[in-house]
There are 2 protein chains.
Amino acid sequence: MTGSADFGFGTQIRKSPFFEATVRWGARAFSVYNHMYIPRDFGDPEQNFWNLVNDAILCDVAVERQVEIAGPDAARFVQMLIPRDLSGMAVGQCKYVVITNAAGGILNDPILLRLEENRFWLSLADSDMLLWAQGVAVFAGMDVSIHEPDVSPLQLQGPKSGEVMKALFGESIMDLRYYWLREVELDGIPLVVSRTGWSSELGYEFYLRDGARGDELWERIMAAGAPLGLKPGHTSAIRRIEGAMLSYHADADIHTNPYELGLDRLVNLDMEAEFIGKAALARIRDEGVTRRQVGLVIEGAPLDGPNTTFWPVRKRGNAVGKVTSAIHSPRLEQNIALAMVDAECAELRTVLEVDAVSGPLRATVVERPFFDPRKTLALA
Amino acid sequence: MTGSADFGFGTQIRKSPFFEATVRWGARAFSVYNHMYIPRDFGDPEQNFWNLVNDAILCDVAVERQVEIAGPDAARFVQMLIPRDLSGMAVGQCKYVVITNAAGGILNDPILLRLEENRFWLSLADSDMLLWAQGVAVFAGMDVSIHEPDVSPLQLQGPKSGEVMKALFGESIMDLRYYWLREVELDGIPLVVSRTGWSSELGYEFYLRDGARGDELWERIMAAGAPLGLKPGHTSAIRRIEGAMLSYHADADIHTNPYELGLDRLVNLDMEAEFIGKAALARIRDEGVTRRQVGLVIEGAPLDGPNTTFWPVRKRGNAVGKVTSAIHSPRLEQNIALAMVDAECAELRTVLEVDAVSGPLRATVVERPFFDPRKTLALA
């Protein structure tokens, strides 16, 4: 799919409210996520990475569909879906959460937004959480209404995103804290903005609340931001792997549990509240996991793109796991990867072999994230 | 996305067990369905249509993922999900069904296969029914296990598909009736075959039960079929619109109910069994629908591809609905479309206007399906 003329798939895949704007601003190829097109190519992905980490990029992430859960039992219902203790979550706060099924498998890793005491949004990774939530509600006996609102996010990410926000909203936006949200308007366009994103950089999300005004919002932000260095872009696989952020279906799926991913902090087994998967997750914690996600540095020539299959991982010839996401980081000048391996191979500095497309490569288990701005000095 | 090298989206979208085979046999572009790549282009879509209606084509439809529902309460649970009366469904039978939510909205329109008394597969359109079914099960209090098995369908469709089946399985396969299934092996490859498909032509589906043997199965079928005229291909938008078959997300979605689509036969309100959506659907039936799906013949030059947006439909200038799927049929030599319009505009021979990309076009409401093999003489 390399241009408007080629989107020959009828209306079966949705177009974002920002679709025409992204094409106008140079989107060359799209992928599909939550039944919707997402721009994935504005030219050179490495340039997009540098734009993100040095300046700022604006990304159409309308594919992050929202599930709104509202009604008298909304807070209780949301806690039922989520293993993380939400009792201290304030109105206006956001939380990164996992949603698990009865077996403790991960169904999605959304951002949860609390808009009102009893009104929440789940800002989704790539699976139909609307159906999961509505399905659970059928026999849950709780008074909730669950639907997908007309809400489409944009991400403004990168070190200059604060300046762009100031140009758009004035100084007052500067006190919006990390993982908090605010309801605002921009030229009368109804928005929620939050200090969140999928880049590990300073960043904001704009939740457009009127799909008819996507073009207008995009142009308004670019007009304010371009003089400050803002570029159109797309979520960066390089940066998110550096930050060890998960890509659902690649690094996690229904057969992966939070403990395997080292997401223990997202599971509060000791709280009183019940949630789906609690018994299974308690058993997994008690028995210990048999595999773990690790970071790998892979030797050899720079990879010329991400892995397109799950590369087998071996130790002295024996299969011990798979690489889920691999890429070359031009900043670290290393091939970095997330892999799921047998628990006994997960120790730092373990040496493994990866069956890449080009042949077997030596790899070493390292700490994640690969790049942490707080460690920049140590790296330098 | 126009070749293996361009599938730069990591491992986030799955590849079918037939992926490499389809690339080898000429697949040029892919779309995404149920989080998986599906070939959508083997060259000229019109040639693909003629291959389908004159000979036979083999299509990778592994994206039709299966949800297996098994256990002591499986039959009762499956009936709970489905508005159609399944009490007379035999082991070995298949049924086209809709799955509705509590509001009567359509979540999917799968084929249901009854493999054993208490073991079923849902062969899916494009939505995560695994999550819906698991979600409903959480508080349903029924003894069922629900998972996605390692099953990947291929479709063999077209008038010569019977000959290909005979070449593969011998004369005995000829007594497999329309919408029945059989468990078989081919060179030891474990399969279910059914006389079903998404083409309105004579056709079969092969449900591969071992993802490691996809390449082998594809080559085995092509080797037997090629001398009989079998071609590699993809599901045909032209043929399915001629047959008025639904494409989920385009012609139906969570906001569409079965009565609007004329699928009354798939809703049995008078059976004793409860199912999700029963009360809402009874209310809709009693109150009548406010909009209906219709077939349209659209005047003007042949459309050069399917509609890529929902084209507005007007009557004397007033908005009355939208075209959901439109295409030029080279056989009928007409532009044909499925549209959802206000109920009062749904009568046959009503004249409407369609806002196509090229400008307004005159359209007339006609009977669906547009092409029915049983009516060939009448057409001729």
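This is a predicted model: local features need pLDDT of at least 70, side-chain atom pairs count only at pLDDT 80 or more; totals for chains, interfaces and linings use all residues.
For chain A, the assignment gives domain 1, made of residues 4-64 + 151-240, and domain 2, made of residues 290-380. If you take the C-alpha centres of these two domains of chain A, you find them 30 Å apart.

Where the two domains of chain A touch, domain 1 contributes 6 residues and domain 2 contributes 6 residues. On the side belonging to domain 1 of chain A, the elements that supply two or more residues are α2 (45-54) and α7 (237-242) of chain A, and of the elements on that side α2(A) gives the most, with 3 residues.

The contact between the chains takes 41 residues from chain B and 41 residues from chain A. On the side of chain B that touches chain A, at least two residues each come from β1 (29-33), α4 (129-138) and β18 (318-329) of chain B, and it is α4(B) that gives the most, with 6 residues. That side of chain B divides into 19 nonpolar, 19 polar and 3 charged residues. Why do we say that the copies meet through the same surface? We say so because 100% of the interface residues of chain B are also interface residues in chain A.

Finally, I would like to stay in chain B and turn to one helix there, α3 (residues 74-81), which is mostly covered, since 6 of its 8 residues are buried. The buried residues of α3(B) are B:A74, B:A75, B:F77, B:V78, B:M80 and B:L81. And what do the buried residues of α3(B) pack against? Their partners in chain B are the strands β4 (66-70), β6 (99-100) and β9 (119-123), together with α4, and you will remember α4(B) as the element that gives the most to the side of chain B that touches chain A.

Key:
Residues are numbered from 1 along each chain as its sequence is written. Chains are lettered from A and ligands numbered from 1 in the order in which they are written. Two residues are in contact if their C-beta atoms, placed from the backbone, lie within 7 Å. Helices (H or I, at least four residues) and strands (E, at least two) are DSSP runs, numbered from the N terminus. Ala, Val, Leu, Ile, Met, Phe, Trp, Tyr, Cys and Pro count as nonpolar, Asp, Glu, Lys and Arg as charged, and the others, Gly among them, as polar. A residue is buried if 20 or more other C-beta atoms lie within 10 Å of its own, exposed if 12 or fewer, and partly exposed in between; C-beta atoms are placed from the backbone. Domain bounds come from an automatic or database domain assignment.
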